[in-house]
Amino acid sequence: MPSLDPPVILPLEREDLPRLMPIERAGHVYPWSERVFQDCWQSGYYLDGAFRANDLLGFSVVMPVLDEWHLLNLCVSPRVQRQGIGRSLLAYLLDQAEKAGVGSVWLEVRQSNDPAQQLYAAHGFEQVGRRRDYYPAPGGREDALVLTRRLQAG
Ligand SMILES: CC(C)(COP(=O)(O)OP(=O)(O)OC[C@H]1O[C@@H](n2cnc3c(N)ncnc32)[C@H](O)[C@@H]1OP(=O)(O)O)[C@@H](O)C(=O)NCCC(=O)NCCS
């Protein structure tokens, strides 16, 4: 039984890419390429990792746009899902956003992604829109739900 201690959240560096990619590939049906992550670092986006000991278990990617933060990716290794890692990453991100005076956090989620939608709903995100056929999907295309979470400053 793995430890259920809360993970430590730390910024990810380019050197972490080799251990981040297996999580991305295992977590998403349509994973980002290494190049996309490189571009995120290059663009100054915020990449944070959840660690137990020195083990990377999950990560988040945020694009800051003026007083909005856009959560572009949130992924937890399937071997440790449902242990509170996603919740820890999201709570950390919202806390950082709050401290930075950010007005709102935005994200898109697949219509079929119930686990993620439940996680976001539990952290105060509300659906404010829908992008039809936004994502590729095994059977064709799939809608994205647009969610936002307003913060104190907003
Ligand atoms: C969505 C994801 C990040 C959740 O991470 P996680 O570490 O497994 O989630 P947690 O253990 O912190 O769960 C927090 C809450 O999320 C919801 N949740 C998580 N997994 C769930 C599941 N399989 N079914 C239903 N609800 C789920 C629950 O509300 C849960 O709270 P609870 O355990 O008290 O019921 C993870 O499933 C994942 O990486 N999925 C693949 C990538 C992905 O879809 N990312 C989101 C893109 S928008």
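**Exercise 1: From one pair to the next**

Eight bridges join S3 to S4, and these two strands run antiparallel. Keep in mind that this is a predicted model.

Solution. Start with the connection: S3 and S4 form a hairpin with two residues between them. In that turn, Leu66 has a positive phi of about 50°.

Next, step over to S2. Seven bridges join S2 to S3, again an antiparallel pair. Here Leu47 stands opposite Val61 in S3. S2 and S3 also form a hairpin with two residues between them, and Ala53 in its turn has a positive phi of about 55°.

**Exercise 2: The whole sheet**

Task: write down the strand order of the sheet, and say which strands stand at its edges.

Solution. The order is S1-S2-S3-S4-S5-S7-S6, which makes an open sheet of seven strands with mixed pairing. S1 (8-11) and S6 (126-137) stand at the edges; each has a single partner strand, so one side of each is left without a neighbour in the sheet. On average, neighbouring strands of this sheet are turned by 30° against each other, direction ignored.

Strand S2 covers residues 46-52, and four bridges join S1 to S2, with the two running antiparallel.

**Exercise 3: Two helices**

Second, get the geometry of the helix pair. H1 and H2 (residues 34-42) pack at an angle of about 125°, and their axes are 11 Å apart. Angles over 145 degrees count as roughly antiparallel, and 65 to 115 as roughly perpendicular. The two helices are therefore oblique to each other. As for handedness, the crossing of H1 and H2 is right-handed.

Third, list who touches whom. H1 brings Leu17, Leu20, Met21, Glu24 and Arg25, while H2 brings Glu34, Phe37, Gln38 and Trp41. Sorted by class, this contact of H1 with H2 has five nonpolar, one polar and three charged residues.

Definitions and conventions
Residues are numbered from 1 along each chain as its sequence is written. This is a predicted model: local features need pLDDT of at least 70, side-chain atom pairs count only at pLDDT 80 or more; totals for chains, interfaces and linings use all residues. Side-chain values use heavy atoms; hydrogens and water are left out. Two strands pair if DSSP finds at least two bridges between them. Axes are lines fitted to C-alpha atoms, for helices over the stretch in contact, and angles run from 0 to 180 degrees between N-to-C directions. Angles under 35 degrees count as roughly parallel, over 145 as roughly antiparallel, 65 to 115 as roughly perpendicular and the rest as oblique. A crossing is left-handed if the near helix is turned anticlockwise from the far one by less than a right angle, and right-handed if clockwise. Contact means heavy atoms within 4.5 Å. Ala, Val, Leu, Ile, Met, Phe, Trp, Tyr, Cys and Pro count as nonpolar, Asp, Glu, Lys and Arg as charged, and the others, Gly among them, as polar.
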